[in-house]
Amino acid sequence: MERVRGPRNARRALGRLLEAVLANRAEANAVFDILAVLQSEDPEEIQDAVRACSRLFGALLERGELFVGQLPPEETVMAGSQGATRKYKVWMRHRYQSCCNRLAELLAHPSFQVKELALGTLMKFVQLEGAHPLEKPKWEGSYLFPRQLFKAVVDGLLSLEEDCSLLLSQFCEYLEHDDVRYHAMQAAADTTARVANAHPEVPLAFWNNVFTLLSAVSLPRQESDVANFYVKHAAELSDKWKVTHLKEHRKAFQLMWLGFLKHKLPLSLYKKVLVIMHESILPHLAQPSLMIDFLTRAYDVGGAISLLALNGLFILIHEHNLEYPDFYRKLYGLLDPSVFHVKYRARFFHLADLFLSSSHLPAYLVAAFAKRLARLALTAPPEALLMVLPFICNLLRRHPACRVLVHRPRGPELDADPYDPDEEDPAQSRALESSLWELQALQRHYHPEVSKAASVINQALSVPEASIAPLLELTAFEIFERDLKKKWPEAVPLEFVPAQGLLGRRGDLCAQHFTLS
């Protein structure tokens with residue numbers, strides 16, 4: 001194509017070439033000129049070329065002018081004695097393949113407008129290839145989907161070098177279609193396995209891109225909801241097609257997540273996965289119990305990751321009859337001074353309250369948790385104390401056998417407290433032999449609300465539990481703001497004799513003393 005100056009002239013030239021190719025097969029070589037512009041360094045020229053390719057090959061797919069079947073080598077066909085029509089279709093199919101390969105490369109272009117347009121064009125080709133397949137069906141009525149082209153799209157989105165979250169957010173709009181979502185799950189699982197096996201150290205950007213895609217997958221709740229397909233087939237939907245069954249979607253969903261989570265992931269991804277585990281992953285798995293390996297591995301990491309793994313483990317124990325005998329021992333081990341300062345403090349105490357809600361728990365276990373929390377409360381900030389103190393009182397309400405901790409006539413002295421705070425096993429901590437003297441000490445806390453909350457144990461505990469939900473997210477700033485809004489008496493009592501100067505009378509006497517001496 002003759003080099004023309006200016007975007008308008010270039011666009012017109014592409015338009016003329018496009019019309020010539022579509023109007024006359026003798027002008028087919030002009031396709032090379034259109035494809036050459038895809039290699040340009042000017043983003044605007046590239047976008048014009050992408051639009052031209054979209055119109056060109058979209059029309060050829062709809063007309064059926066591309067070769068259908070296993071694509072033979074171009075040189076073999078062109079040198080052979082096949083008819084002109086067959087040679088044209090094979091030749092144009094190779095040009096179409098070159099176009100798709102270049103569009104996949106453009107998914108990594110520096111310009112987001114180019115990447116977005118390339119993605120939209122590739123997905124248009126996916127839809128058209130599905131409606132006008134380029135492969136022959138294995139049997140009449142078999143399900144056809146352009147898997148190879150679609151897999152190239154997913155591979156381009158899961159980049160190893162750059163963050164593709166913005167482009168993935170555009171792609172996630174297509175996941176509303178059941179067939180796209182189904183094949184995206186399979187393609188993501190294959191790409192994850194291939195990259196992880198090929199690279200000893202997988203870049204963080206790749207893991208983040210995979211998680212962005214996986215976390216965007218949301219399955220329908222009912223079988224009847226699987227009816228929204230991106231690719232329109234000439235034949236009616238068949239029950240023999242796996243893509244039409246929710247059970248197959250759940251299997252693909254499970255393989256996708258298990259294949260991702262079996263690898264060694266960065267700690268930041270552990271947190272992201274665990275935050276959505278109980279709502280977005282476990283309910284959609286065909287066999288939720290298979291997630292036990294990941295959850296126990298995460299629980300053993302420690303810190304905030306262990307806190308977040310609690311919810312998933314509890315769901316498996318409570319709803320899927322998973323046996324995990326050390327659950328409460330590990331929960332007890334998570335109680336340390338840092339628990340009041342971590343980002344997920346509210347979630348942890350909400351879950352701990354849920355885990356300790358059963359009235360069938362042994363008294364020694366509940367007493368150990370109450371005693372450990374009371375001991376930690378001695379050094380906790382006020383915003384945490386206003387939540388922990390009602391939490392402890394609720395434990396005593398649920399388990400009357402533990403009220404001996406506050407009704408023991410003479411509690412042990414500090415140096416004679418039988419409770420062992422260094423014991424990891426709550427059964428061996430001897431908490432039930434001790435008392436909650438820490439709550440009595442907190443009745444003298446400098447903050448009046450903390451003192452008031454600790455004084456609740458001086459009276460008989462009410463039957464209904466105190467709700468701790470409003471206190472879980474309480475911060476020091478909120479306490480400060482609340483104190484500022486309190487209405488104080490207009491006249492605040494001060495010293496009866498007003499001070500005279502900075503030191504007043506006492507300062508004068510001190511000055512006379514030093515002068516005389």
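## Salt bridges, packing and backbone

Author: The count comes to 18 salt bridges, a salt bridge being a side-chain nitrogen of Lys or Arg within 4 Å of a carboxyl oxygen of Asp or Glu. This is a predicted model, in which local features need pLDDT of at least 70, side-chain atom pairs count only at pLDDT 80 or more, and totals for chains, interfaces and linings use all residues. Residues are numbered from 1 along each chain as its sequence is written, and side-chain values use heavy atoms, with hydrogens and water left out.

Reader: How many residues apart are aspartate 155 and arginine 194?

Author: The side chains of aspartate 155 and arginine 194 meet in a salt bridge, at 3.4 Å from N to O. Aspartate 155 sits in helix H7 (residues 147–157) and arginine 194 in helix H9 (residues 178–198). Helices here are DSSP runs (H or I, at least four residues), numbered from the N terminus. The pair links distant parts of the chain, and its separation is 39 residues.

Reader: Are aspartate 155 and arginine 194 buried, partly exposed or exposed?

Author: Buried means under 20% relative accessible area, exposed means over 50%, and partly exposed is in between (1.4 Å probe, protein chains only). Aspartate 155 has 26%. Arginine 194 has 43%. By these values aspartate 155 is partly exposed, and arginine 194 is also partly exposed.

Reader: Which helix holds lysine 330, the salt-bridge partner of aspartate 300?

Author: Aspartate 300 and lysine 330 form a salt bridge, with their closest N and O atoms 2.5 Å apart. Aspartate 300 lies in the loop between H13 and H14, so the pair ties together parts that are 30 residues apart in sequence. Lysine 330 is in helix H15.

Reader: Are arginine 398 and aspartate 353 buried or exposed?

Author: The side chains of arginine 398 and aspartate 353 meet in a salt bridge, at 2.4 Å from N to O. Arginine 398 lies in helix H18 (residues 382–398) and aspartate 353 in helix H16 (residues 345–355), so the pair ties together parts 45 residues apart in sequence. As for accessibility, both arginine 398 and aspartate 353 are buried.

Reader: Which residues are linked in a network of salt bridges?

Author: Side chains of opposite charge can pair when their charged atoms come close. Here the linked residues are Lys371, Arg375, Asp417 and Glu438.

Reader: How many disulfides are there?

Author: A disulfide is a pair of cysteine sulfur atoms within 2.5 Å. For cysteine 53, the nearest cysteine sulfur is that of cysteine 99, 3.9 Å away. The sulfur of cysteine 100 is 5.4 Å from its closest cysteine sulfur, in cysteine 99, too far for a bond. The count is zero.

Reader: How do the rings of phenylalanine 145 and phenylalanine 150 pair: stacked, edge-to-face or tilted?

Author: The structure holds 22 aromatic pairs. Rings of Phe, Tyr and Trp (its six-membered ring) pair if their centres lie within 6.5 Å; planes under 30 degrees apart count as stacked, over 60 as edge-to-face and the rest as tilted. Phenylalanine 145 and phenylalanine 150 have ring centres 5.6 Å apart and planes at 80°, so the pair is edge-to-face.

Reader: Which elements do the buried residues of H13 pack against?

Author: Helix H13 (residues 292–299) is mostly covered, with six of its eight residues buried. Among them are Phe294, Leu295 and Tyr299. The buried residues of H13 pack against H11, helix H12 (267–281), H14 and H15.

Reader: Which residues does glutamate 248 touch, not counting residues up to four places away in sequence?

Author: Glutamate 248 is placed in helix H11 (residues 246–261). At 16% relative accessibility, glutamate 248 counts as buried. Contact means heavy atoms within 4.5 Å. The residues touched are Tyr182 and Lys242.

Reader: What is the phi of asparagine 321?

Author: Asparagine 321 is in the loop between helix H14 (303–320) and helix H15 (327–333). Asparagine 321 is exposed, with a relative accessible area of 67%. Although asparagine 321 is not a glycine, its phi is positive, at about 55°.

Reader: Where is arginine 430?

Author: Phi of arginine 430 is near 60°, a positive value in a residue other than glycine. At 45% relative accessibility, arginine 430 counts as partly exposed. Its place is in the loop between H19 and H20.

Note on methods. Helix = DSSP H or I, 4+ residues; strand = E, 2+ residues; numbered from the N terminus.
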